[in-house]
Amino acid sequence: MTRSELFKNLMVMAAADGKLTEEEVTFLAQRSSRWGITDSEFGEALKYSISPEAHISIPSTKGECFQLLKEMVRMMAVDGDLAEIEKNLFAVTAATMQINDDELNKIFDEVLQPKAE
């Protein structure tokens, strides 16, 4: 999965509840900068995310699946509001990837546990 495809998936997750919060926009801007997403790619991802065709693309490898799910958790948590549709989208994506409960718990632990200084 390319960075552009991963970014598009995050945009779909952010737009799933019908609104983009300031925290979500900031997170997306940081990811786009870090991953080298162009303004054009950003705009395309935004258009796609609000289109009727918008969906999460499932990566082809287990490692890419874990990466996507971790980024989805970060996206859900960034504004402090876990919308029901976001949780459902995450659950369906994880189920489609055949990620088991132990693997999901590991993902949540890695993403949400504070890092020791």
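Is Phe 90 buried or exposed? In this predicted model, Phe 90 is buried, with a relative accessible area of 5%.

1. The nonpolar core. The largest nonpolar core has 28 residues. Those touching the most other members are Phe 7, Leu 28, Leu 69, Met 72, Met 75 and Phe 90. At least two residues of this core come from each of α1, α2 (22–35), α3 (39–49), α4, α5 (84–96) and α6 (101–112). As general background, nonpolar side chains in soluble globular proteins tend to be buried together.

2. Leu 69. This residue is one of the core members that touch the most others. Beyond four places in sequence, Leu 69 has contacts with Phe 90, Thr 93, Ala 94, Met 97, Ile 99, Leu 104 and Ile 107.

3. Leu 104. Leu 104 belongs to helix α6. With a relative accessible area of 15%, Leu 104 falls under the 20% limit and is therefore buried. When residues up to four places away in sequence are set aside, Leu 104 touches Leu 69, Phe 90, Ala 94 and Ile 99. For one of these, Ala 94, the C-alpha to C-alpha separation from Leu 104 is 8.0 Å, at 10 residues apart in sequence.

4. The pair of Phe 7 and Phe 42. The model contains 2 aromatic pairs. In the pair of Phe 7 and Phe 42, the ring centres are 5.3 Å apart and the planes stand at 45°, so the arrangement is tilted. Phe 7 lies in helix α1 and Phe 42 in helix α3, and the pair links these distant parts of the chain across 35 residues.

5. Phe 90 is in helix α5 and Phe 108 in helix α6, so the pair ties together parts of the chain 18 residues apart in sequence. Phe 90 is buried, with 5% relative accessible area. Phe 108 has 27% and is partly exposed, because this value lies between the limits of 20% and 50%.

6. Packing of α1 and α4. At what angle do helix α1 and helix α4 pack? Helix α1 (residues 3–15) packs with helix α4 (residues 62–77) at about 35°, and the axes are 10 Å apart. Their crossing is right-handed. From α1, the residues in contact are Leu 6, Asn 9, Leu 10, Met 13 and Ala 14. These meet Gln 67, Leu 68, Glu 71, Met 72, Met 75 and Met 76 of α4. The residues of this contact comprise 8 nonpolar, 2 polar and 1 charged.

7. Glu 71. Glu 71 is part of helix α4 and is among the residues of that helix that meet α1. Is Glu 71 buried or exposed? Its relative accessibility is 7%, so Glu 71 counts as buried. Apart from neighbours within four places in sequence, the contacts of Glu 71 are Leu 6, Leu 10, Phe 27, Arg 31 and Trp 35.

8. Ala 77. Ala 77 is also placed in helix α4. With 38% relative accessibility, Ala 77 is classed as partly exposed. Excluding residues up to four places away in sequence, Ala 77 touches Leu 82 and Leu 112.

9. Thr 26. Thr 26 is located in helix α2. Thr 26 is partly exposed, at a relative accessible area of 40%. Thr 26 and Val 78 are 52 residues apart along the chain, and their C-alpha atoms are separated by 9.3 Å.

10. Gln 98. Where is Gln 98 found? Gln 98 is in the loop between α5 and α6. The phi angle of Gln 98 is near 60°, which is a positive value in a residue other than glycine. Gln 98 has a relative accessible area of 67%, over the 50% limit, and is therefore exposed.

Technical notes
Residues are numbered from 1 along each chain as its sequence is written. This is a predicted model: local features need pLDDT of at least 70, side-chain atom pairs count only at pLDDT 80 or more; totals for chains, interfaces and linings use all residues. Side-chain values use heavy atoms; hydrogens and water are left out. Axes are lines fitted to C-alpha atoms, for helices over the stretch in contact, and angles run from 0 to 180 degrees between N-to-C directions. Helices (H or I, at least four residues) and strands (E, at least two) are DSSP runs, numbered from the N terminus. A crossing is left-handed if the near helix is turned anticlockwise from the far one by less than a right angle, and right-handed if clockwise. Contact means heavy atoms within 4.5 Å. Ala, Val, Leu, Ile, Met, Phe, Trp, Tyr, Cys and Pro count as nonpolar, Asp, Glu, Lys and Arg as charged, and the others, Gly among them, as polar. A nonpolar core is a set of buried Ala, Val, Leu, Ile, Met, Phe, Trp, Tyr and Cys residues joined through side-chain atoms within 4.5 Å. Buried means under 20% relative accessible area, exposed over 50%, partly exposed in between (1.4 Å probe, protein chains only). Rings of Phe, Tyr and Trp (its six-membered ring) pair if their centres lie within 6.5 Å; planes under 30 degrees apart count as stacked, over 60 as edge-to-face and the rest as tilted.
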